[in-house]
Amino acid sequence: MTKTRASGRTVGGLRTLSLQAPAVTLLLLWMIVPLGMTLWFSFQYYNLLMPGMTGFAGLENYEYLLTDPALWAAMGNTLMLVGWVLTITVVGGTLLAVLFQQEFAGRGIARVLAISPFFVMPTVSALVWKNMMMHPSNGVLAWLAESFGLPAVDWFSSLPLTSIVIIVAWQWLPFALLILLTAMQSLDEDQVEAARMDGAGPVAIFFFITLPHLKRAISVVIMIEMIFLLTIFAEIFVTTSGGPGLATTNLAYLIYIRALLDFDVGTASAGGVIAIILANIVAIFLVRMVAKNLED
Amino acid sequence: MTILRSATSATSAPRSVTGLRSAQSKRAIITVLGWSVALVIFFPIFWMILTGFKTETAAIADPTLIFSPTLESYQDVQARSGYIRFALNSVAVAFGSTFFALLLAIPSAYAMAFLPTKRTKGTLLWMLSTKMLPSVGVLVPIYLIFRDVGLLDTRTGLIIIYTLMNLPIVVWMLYTFFKDMPKDILEAGRMDGASTFQEVFFLLLPLTLPGIASTGLLSIILSWNEAFWSLNLTSSKAAPLTAYIASFSSPEGLFWAKLSAASTMAIAPILILGWMTQKQMVRGLTFGAVK
């Protein structure tokens, strides 16, 4: 009995291996080769504009990057961008999930409208917001402000990072809503009903039943968003190009400038390594959580 | 349980009669609130669709819902910049990468779901972790490799990148769908002497087709909307719609109607696909952590 089971397992193992080989091999290459190259370049003198200067640079690229004020500006901007967008989308998404869980006329259509921005490509949402919404003289927001007798805001020159935060939050709020609304569906209605019978008000129900129930889904939303938000690129590329000055340059955009505009492969790679390390700190928590989920 | 329920509803009945009016007004408030929020969130998209039917002069005039709609901008977008060419690039890249991702992922997810070994869990988690690698961290090497092998500004290049980028999500999502399938059916097929190939093609695929379809749709949506690699690796020949729309960013405020018309066409198919698959998408986007 044990013998056949054991042999069955190895045959199964072999089949598993051959079926998985293509996907696993390609993913392994996709991960190892560029990662190795980024690491390698980050220790090399390598500037496409200075072909003569090559060789081992030691930690010089890192030193150059870490003493560059632009890096710290970019880190600060990345932090602000991630922090604000996360706050807006998670708090807003939770409240909206509660709202859209209530029954009302046309709820299905309202839900669909509210999650729509998530399906809009980033270049479209950024340009629509920049021009038609936030334009200082012809935008809808300027028109709204003027009809209330308020001065129009020149969004991208006076509040550049805030403008980017608004655009990105508009794209990711529907994501949080979609995930949390799904998680809400498994909320035990009997428990809510019982709490209501015992005299619990809607606020108490929200804090003591709904929120604990959503805890896991909220943490999933936070981690997935963090990974994407750390490297926001297209929204900045089409609106501010990182400016004015460095006001909206985040880590991803700084690496892009160093690599494809300054052709400084070495420094850009050192920046890439930093981005990878930051993303991995977040990723460890997410992978752990998903792993826990696989067990039950 | 039923007795309990009817008892509670009996006690709550008198309360609800007196509270009927307040319940009604509460319902009204929620309806108004729900719809206002939805409309505010959707407004930029609505406004963009509307502006696409305006003339350029009307587009930058004071906001109004009353104007004479025209298809001028739609014609201009095609005539001046050849919208179709970029749309075809998007279609080729999104469908191509989805096809290859499914081709690679189906056998892999099948093995994980039905022939699990000790390493299966680890493999799944490792695949998830490759998704965490920020694209910008590998921009330099990918750009240089693509330059050296002539893949810059080619559809093939983007298809390769998107296939690999979406592969972990596709494997995960298929895995969760395959796992939900009753094992007895496959076992019965195996008893009748079906080969692995027959088992997959005549039993597994037809039975999990809805799951495979929604996985494919998610992959299409993600590839269609991807804007980091498309902006960095393509210029004119292979540029998909994300990159084409970005070309409107330079002359500020001049072509709002055309931008809107082009954007509307670019997002319409994906918006509809997204509406159709929103429920299943959650699985793929959260790696099965939220169902």
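1. In this predicted model, the buried residues of helix α2 of chain B are Gly34(B), Ala38(B), Ile41(B), Pro44(B), Ile45(B), Met48(B) and Thr51(B). These buried residues pack against elements of both chains, namely α3 (69-101), α4 (107-115) and α5 (122-133) of chain A, together with α3 (56-60) and α14 (256-285) of chain B.

2. The contact between the two chains draws 85 residues from chain A and 83 residues from chain B. On the side of chain A that touches chain B, the element that gives the most is helix α1 (residues 2-42), with 18 residues. By residue class, that side of chain A divides into 65 nonpolar, 18 polar and 2 charged residues.

3. Chain B as a whole has 14 helices and 0 strands. Its radius of gyration is 25 Å, well over the 19 Å that the globule rule gives for 291 residues, so chain B is more spread out than a compact globule. The C-alpha trace of chain B spans about 70 × 65 × 35 Å along its principal axes.

4. Buried residues account for 45% of the 291 residues in chain B. Of the contacts in chain B between residues at least 6 apart in sequence, 79% join residues at least 24 apart.

Technical notes: Residues are numbered from 1 along each chain as its sequence is written. Chains are lettered from A and ligands numbered from 1 in the order in which they are written. This is a predicted model: local features need pLDDT of at least 70, side-chain atom pairs count only at pLDDT 80 or more; totals for chains, interfaces and linings use all residues. A residue is buried if 20 or more other C-beta atoms lie within 10 Å of its own, exposed if 12 or fewer, and partly exposed in between; C-beta atoms are placed from the backbone. Helices (H or I, at least four residues) and strands (E, at least two) are DSSP runs, numbered from the N terminus. Two residues are in contact if their C-beta atoms, placed from the backbone, lie within 7 Å. Ala, Val, Leu, Ile, Met, Phe, Trp, Tyr, Cys and Pro count as nonpolar, Asp, Glu, Lys and Arg as charged, and the others, Gly among them, as polar. The radius of gyration is taken over C-alpha atoms; the globule rule is 2.2 Å times the number of residues to the power 0.38.
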